[in-house]
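I am opening this notebook to record, entry by entry, what I looked up in the structure below.

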Amino acid sequence: MAITSTLSSDGSLLTIYIQGRFDFSSHQDFRASYEGLEKKPERYRVDMQETSYLDSSALGMLLLLRDHAGGDKATIEIRNCSPDVKKILTISNFEQLFDIR
Amino acid sequence: MSDDTPLTILVADDSDTDRHILETIVARDGHRVLSARDGREAVSVFEEEQPDLVLLDALMPNLDGFGAARRIKALAGESLVPIIFLTSLTDTESLVQCLDAGGDDFLSKPYNRVILQAKIKSFNRMRAMHSTILDQRDQISRHHEHLLQEQTVAKQVFDNIAHSGCLDSNNVKYFLSSLAMFNGDILVAGMRPSGSMMVLLGDFTGHGLPAAVGAIPLASTFYGMVNKGFAVSDILREINHKLKTILPVGIFCCATMVDINFRRQQIRVWNGGLPPGYIRRASGGEPEPITSTHLPLGVLSNQRFKDDMQLYDLAWGDSLYLWSDGIHEARNADGDMFGEDRLKAVFVEDADNSTLFDRILGRVQAFVGEGRRDDDLSLVELRMDRPENVNAVAAEAERRSRSTLSEWTMSFDVLPGSFRHFDPMPLLLTILVEVPGLRQHSGDLYTLLAELYSNALEHGILQLDSDLKSSAEGFTQYYELRQQRLSAISEGLIRIHLQHSTTDEGGILRLRVEDSGPGFAGGARAPALSNDSHAYCGRGLALVEKLCDAVHYLGDGNEVEAVFSWSSDA
Amino acid sequence: MSSNNHLNREVLTTLQEVMDDQFPVLINTFLTDSEERIRHIQKALAARDSDTVRRQAHSFKGSCNNIGAECLASLCEKMEAAGRAGELEGVEQQLVEIQQEFSKLKGTLKSFAG
């Protein structure tokens, strides 16, 4: 499991890459990837291309990110989900909270 | 070759005077001269030296000019050897005779040097052109041969993939032209481990190589997934995605996918863009059309792709007929199309199902007529039959469904020394996916096991309170606490109990996870079923409830059971 | 038949240019060739072989045309026609005319070649 992030050159988009299993053990790294930025980005993108699995605590972490990013005003995209990951996001109704593709 | 390249020229004339004049003119222009005194000598000199041009007197002893011309033309074969007749004959009949014998031109006496030079030049140009054309023809034929060879190789590769399936089953009849791949038609059929048969008839847009490129990924995806027992919808989606990704816009695959469940006597059909197939009941009656309700494969992105299928109950002996538009569009000599009405008529004219396939094919081929048959026709008949009659895989699945290890349980205890680092999920999952038909549900099973296990560990054994997770700081604190308690723990037990039984369609798996904690008395609770989608916590058991049929809380709440029923033909 | 028809000077001059140093050889070839043809015609006449008469006369005519011996060529043509018709009556007389014409020509040509 590894979490990395990149900020676009104008600071408007933060992309967080999650490799391997996304569960409670990654919550420190996940928080660190978006907290402590000088200026809050306008948009967030969580790239799950390399994410093999996501559990219920990861769902909680995604909600933490959403509230940090401004709650209902937040713009968060979740990208490149595998079918298994997508299924968990879908049955948790996360499509109403995130832009999932 | 330019038109003044020196040539080798044969002069055949029995008159020494005339020959001497010609030899001199030709040699002065830099050409090499060969001489003959009569027709026979002319032929033998030609045979030995293969001159480029022949000047031939018409009347000569020992084989006249006409006879010599015929033999020389025959010897020259396809290379162009112009023959100019030297003649003082002036009557039309004689001139026609010269041309008939293969003569290309005339030169009359007295010889005119300038005219002869012009003629030689002109024939030289013609020869150059002719040899260029021959070269190009040979080149084209080499290219063509090469192309055919490549097509043969491609077809071999394709056949190896396409024929790994079960088109040879007893309930399948099909007709495909030998180069169907290059017409864009493809037919694949495979058995799922559960004993159901999947058949896909596809028709790629276009012809030739562009139409063939999609065939191999389609076939390999199809067989890879069918053999592993994937669901029809997953296979359709994967093929759609693959084609959408690799094929250029405008090339796609009209297809019908059929899933035949012999045990349940049901078929499910997905038709995207192919002409309607027909169900023909053994009991007779009008054929029932199965029309296209979807867009072809490779058009829509997977987000917008629809995989819903039409379900039909079939009796033994009922058959399904599929075809590509080649049959409807087959034309006769007058350019009329065979069309749907003629096709329907073949169905109605005879109640005998066993001859229908041959009748359809025969009727279309007779309509088209000799010469053009089997151009672009693809026809498939699929019959509903008892599994033991279909093929070995279906028979084996049927046998297994009766004799399988249908009921079993296992119990697995995780002890304190393993709580901190051990993750029991991979081990348990490895066992579960060995159950035929469960593999395709491995994602769901993983989530069920993982959520039940962490629920037991965190709330039962470690006594952590979910309420902590209501804020971001609490969330972090929760997991710090988890870490602390985990390193201190020295007693307790988590028991994972698996119970499996088979049903006609698949099976029921009960996953029970029990912990040694105090249960509700110690603060454990049934999850809030309101499912507040904004709460950071309490999602684990909610997820479990959505993924399985029922969740039971047993004992004092320190035991949770999830009931997961599955079907092998999802 | 006017004397300028015996030999077409223009044809002969052109031939002289074309043949260059080969011209005397050509003239000698023609003379030998012609004597040969006349002998063949004599034989064929004696044998009443009209087809050989036609062929020999035809070939002789071609060579004469090439040399520019127009008068001799037209005598040959007459004989060729008689041969084709299979009518050899009076052909002996034609042969005499050909022989006379040839011996006249021989002198002129030799002076040319010389």
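**Helix 1 of chain A, then chain C**

I began just past helix 1 of chain A, where A:G36 has a positive phi of about 80°; helices here are DSSP runs of H or I with at least four residues, strands are runs of E with at least two, and both are numbered from the N terminus. I noted that this is a predicted model, in which local features need pLDDT of at least 70, side-chain atom pairs count only at pLDDT 80 or more, and totals for chains, interfaces and linings use all residues. Residues are numbered from 1 along each chain as its sequence is written, while chains are lettered from A and ligands numbered from 1 in the order in which they are written.

Which residues of helix 1 of chain A are buried? I found A:H27, A:F30 and A:S33 in this helix, residues 27–34, where buried means that 20 or more other C-beta atoms, placed from the backbone, lie within 10 Å of the residue's own. Seen down the axis, these buried residues fall within an arc of 125°, so they line one face of helix 1 of chain A; the arc is taken over the directions from the helix axis to the C-beta atoms. Their cover includes strand 1 (2–7), strand 2 (13–22) and helix 2 (56–68) of chain A, together with helix 18 (472–488) of chain B.

I then turned to chain C, which has five helices and zero strands. Of its 114 residues, 37% count as buried. Chain C averages a pLDDT of 89, and 96% of the residues score at least 70, pLDDT being the predictor's confidence in each residue, from 0 to 100.

Note on methods. Buried ≥ 20, exposed ≤ 12 C-beta atoms within 10 Å, placed from the backbone. Contact = placed C-beta atoms within 7 Å.
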